[in-house]
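Welcome, and let us take a walk through this structure together. Have the sequence and the 3D view ready, and we will go from charged side chains to pockets.

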Amino acid sequence: MKTRRARLAAALLTTAVALTGCGGSDSGAASVPEGWGTLTTKGVDVAYPKGYAEQSAAERGKHNAAAAVRTEDGRKVSVITVQLGFTEANSAEQAAIAAEAGIQLGAKVEGQKDVELAGTDEAKRIDFSFEATGEDGGPAKGTPVEGVILTGLDSSDTTFAIRIDAARGALPDGDLDRIVDSVEVH
């Protein structure tokens, strides 16, 4: 009888430990749509839709840990970038303030709100828009561009910023939602 109780107690303890391991700071599992690529960094991963090409370290900006670009007629119409350690911050709120400061002059910040990202309990989303300058192979001058920055701290308390810029109409809202849902913070 004692052996049976001991086995039952051990089984219950094992189950409790396994269930505890499923919780933590994960705010849900990230989902990557079939056929999409993934930008993988030491702090975060984010998926990108078909039609984007991942840039090599030589192709992307020196401050970007990863980037993917979509082009049409030889011009960049959408860019997804990941920056790590872009500022010293102790919270997602502080990271969001720093991320907003990096949005180009003349852009219209349309709002900041909490966002749920897998792997972290605290993250912010900043929505903004601006008119393209026509430089660096981007959309033609004056083209409306919509942008989103997802920011916070990873498990090592390093800031991350995932920025998605797209010429109006170049990225369907559904794809933007799927990009946000794909984010996995490490």
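Let us begin with a single side chain: R178 counts as partly exposed, because its relative accessibility is 38%. Keep in mind along the way that the model is a predicted one. R178 has a partner, D175, and their side chains meet in a salt bridge with 2.8 Å from N to O. D175 has a relative accessibility of 17%, so D175 counts as buried. Both residues sit in helix 3, and because they are 3 residues apart there, about one helical turn separates them.

Another of them joins E93 and K124, whose closest N and O atoms are 3.3 Å apart. How open to the outside are the two ends? E93 is partly exposed, with a relative accessible area of 33%, while K124, at 10% relative accessibility, counts as buried. If you look for D114 as well, you will find that salt bridges with shared partners join E93, D114 and K124 into one network.

A further salt bridge pairs E146 with R168, and the closest N and O atoms are 2.9 Å apart. This pair too links distant parts of the chain: E146 is in strand 8, whereas R168 is in the loop between strand 9 and helix 3, 22 residues away. E146 counts as partly exposed at 36% relative accessibility, and R168 is exposed, with a relative accessible area of 53%.

Strand 5 provides the largest share, with 6 residues. Sorted by class, the lining of the largest pocket comprises 15 nonpolar, 13 polar and 8 charged residues.

The second largest pocket contains about 210 Å³ of space. Around it you will find 17 lining residues, and E146, G147, V148, D173 and L176 lie nearest its centre. Two or more residues of this lining come from each of strand 7, strand 8, strand 9 and helix 3 (173–182). Strand 7 gives the most, with 4 residues. By class, the lining of the second largest pocket has 8 nonpolar, 3 polar and 6 charged residues.

To close the tour, go back to E146 in your view. This residue forms a salt bridge with R168, and E146 is also among the residues nearest the centre of the second largest pocket. Helix 3, where R178 and D175 sit, is likewise one of the elements that give two or more residues to the lining of that pocket.

Definitions and conventions. Residues are numbered from 1 along each chain as its sequence is written. This is a predicted model: local features need pLDDT of at least 70, side-chain atom pairs count only at pLDDT 80 or more; totals for chains, interfaces and linings use all residues. Side-chain values use heavy atoms; hydrogens and water are left out. Ala, Val, Leu, Ile, Met, Phe, Trp, Tyr, Cys and Pro count as nonpolar, Asp, Glu, Lys and Arg as charged, and the others, Gly among them, as polar. On a 1 Å grid over the protein atoms alone, a cavity is a set of points where a 1.4 Å probe fits but cannot get out, and a pocket is an open set with protein on both sides within 12 Å along at least five of seven lines; lining residues have an atom within 4 Å of a point. Grid points are joined across faces, edges and corners, and a volume is the space filled by probe spheres set on the points. A salt bridge is a side-chain nitrogen of Lys or Arg within 4 Å of a carboxyl oxygen of Asp or Glu. Buried means under 20% relative accessible area, exposed over 50%, partly exposed in between (1.4 Å probe, protein chains only).
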